[in-house]
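Please look through the report below with the sequence and the model side by side.

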Amino acid sequence: AGQRLYADPIDRTTWSSSRPSWTLRSPSGTPVFDTTFTPRAPFVVPTSGTYDLLIGGNLGEPATPASATFNLRTVSDTSADLTLGADVAETLTLPGEVRRYRFTLANATWLSFDTRSDSNLNWALTGPWGPVSSGRFWSSAWQPQPAPAGEYLLEVSGIAPEFGPYRFALIDVFSGPPINLGQEVEATFNPNASTIVYSLDLVPG
């Protein structure tokens, strides 16, 4: 696969109200993007070769010097193994970056995504039967979902211009310590946005 790049317009000075425009052209002259000086969501470089980046001013601006600062960044996605119940705290460094976490369930269970940070980043869980559930980190805790045995992929991503820190745990709801009826339990939340799971045996009637 080709390189994934993110066009990052960092700053512009001495512009009254408008923005410059910029375009990236492939070796054949085909535009890869052609837009105002705004963030460009990560894109895949279509072919190898020398590309041309053009930045143009605006005729409506005063005839005084101006500047624009930018960076074309390589977007590198990462992948790691995930341990159920582990507290995961990481950071997306660029918009459009994807962090992938993989794990395998030997037996069927129920899983709950425990959001421990407030952001606009997205998460999505896929299992052996396809998509399980997805959401944003600012939303409330995900209700437990049945999860059959098999391989799973959890992805954390941000749609441009969103990026930054995130924190979560993927919990096996059957992994909580047992408690008894009539037992006084003190729950300690660390962090205070986390979810705690307990198990107890009950009988009908």
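## Buried and exposed residues

A residue is called buried if its relative accessible area is under 20%, exposed if that area is over 50%, and partly exposed in between, using a 1.4 Å probe and protein chains only. By this rule Phe137 is buried, because its relative accessible area is 1%, and Phe168 counts as buried as well, with a relative accessibility of 0%.

The model is predicted, so local features need a pLDDT of at least 70 and side-chain atom pairs count only at pLDDT 80 or more, while totals for chains, interfaces and linings use all residues. Residues are numbered from 1 along each chain as its sequence is written, and side-chain values use heavy atoms, with hydrogens and water left out.

Helices (H or I, at least four residues) and strands (E, at least two) are DSSP runs, numbered from the N terminus, and two strands pair if DSSP finds at least two bridges between them. In general, the strands of a sheet pair through backbone hydrogen bonds, either parallel or antiparallel.

Strand E8 is joined to strand E15 (residues 164-172) by five bridges in the antiparallel sense, and Leu92 stands opposite Gly164 of E15.

## Strand E9 and its partners

In which sense do E7 and E9 run, parallel or antiparallel? Strand E7 (residues 78-81) and E9 run parallel and are joined by four bridges, and the bridge partner of Thr78 in E9 is Arg99. By contrast, E9 and E14 run antiparallel and are joined by eight bridges, with Val98 standing opposite Ser157 in E14.

## Aromatic pairs

Rings of Phe, Tyr and Trp (its six-membered ring) pair if their centres lie within 6.5 Å; planes under 30 degrees apart count as stacked, over 60 as edge-to-face and the rest as tilted. The structure holds 12 such aromatic pairs. One of them is the stacked pair of Phe103 and Tyr152, with 5.1 Å from centre to centre and 10 degrees between the planes. Because Phe103 lies in strand E9 (residues 98-105) and Tyr152 in strand E14 (residues 150-157), this pair ties together parts that are 49 residues apart in sequence. Phe103 and Tyr152 are both buried.

The rings of Phe137 and Phe168 have centres 6.5 Å apart and planes at 65 degrees, so this pair is edge-to-face. It links distant parts of the chain, since Phe137 is in the loop between strand E12 (130-136) and E13, and Phe168 is in strand E15, 31 residues apart. Phe137 and Phe168 also belong to one aromatic cluster with Tyr101, Phe113, Trp123 and Tyr166.

Thr23 lies in strand E2 (residues 21-25) and counts as buried at 9% relative accessibility. Its side chain makes a polar contact of 3.0 Å with the side chain of Arg25. Leaving aside neighbours within four places in sequence, Thr23 is in contact with residues including Pro31, Phe33 and Asp52.

Asp114 lies in strand E10 (residues 109-115) and is buried, with a relative accessible area of 1%. The side chains of Asp114 and Arg116 are joined by a polar contact of 2.8 Å. Beyond neighbours within four places in sequence, the contacts of Asp114 include Arg167, Phe168 and Ser194.

Gly2 is found in the segment before strand E1 (4-13) and is partly exposed, with a relative accessible area of 34%. The C-alpha atoms of Gly2 and Pro46 are separated by 6.5 Å, although these residues are 44 residues apart along the chain.

Ile179 is found in the segment after E15. Ile179 and Tyr198 are 19 residues apart in sequence and 6.7 Å apart in space, C-alpha to C-alpha.

Note on methods
Polar contact = N/O pair within 3.5 Å; in protein donor to acceptor, adjacent residues only side chain to side chain. Contact = heavy atoms within 4.5 Å.
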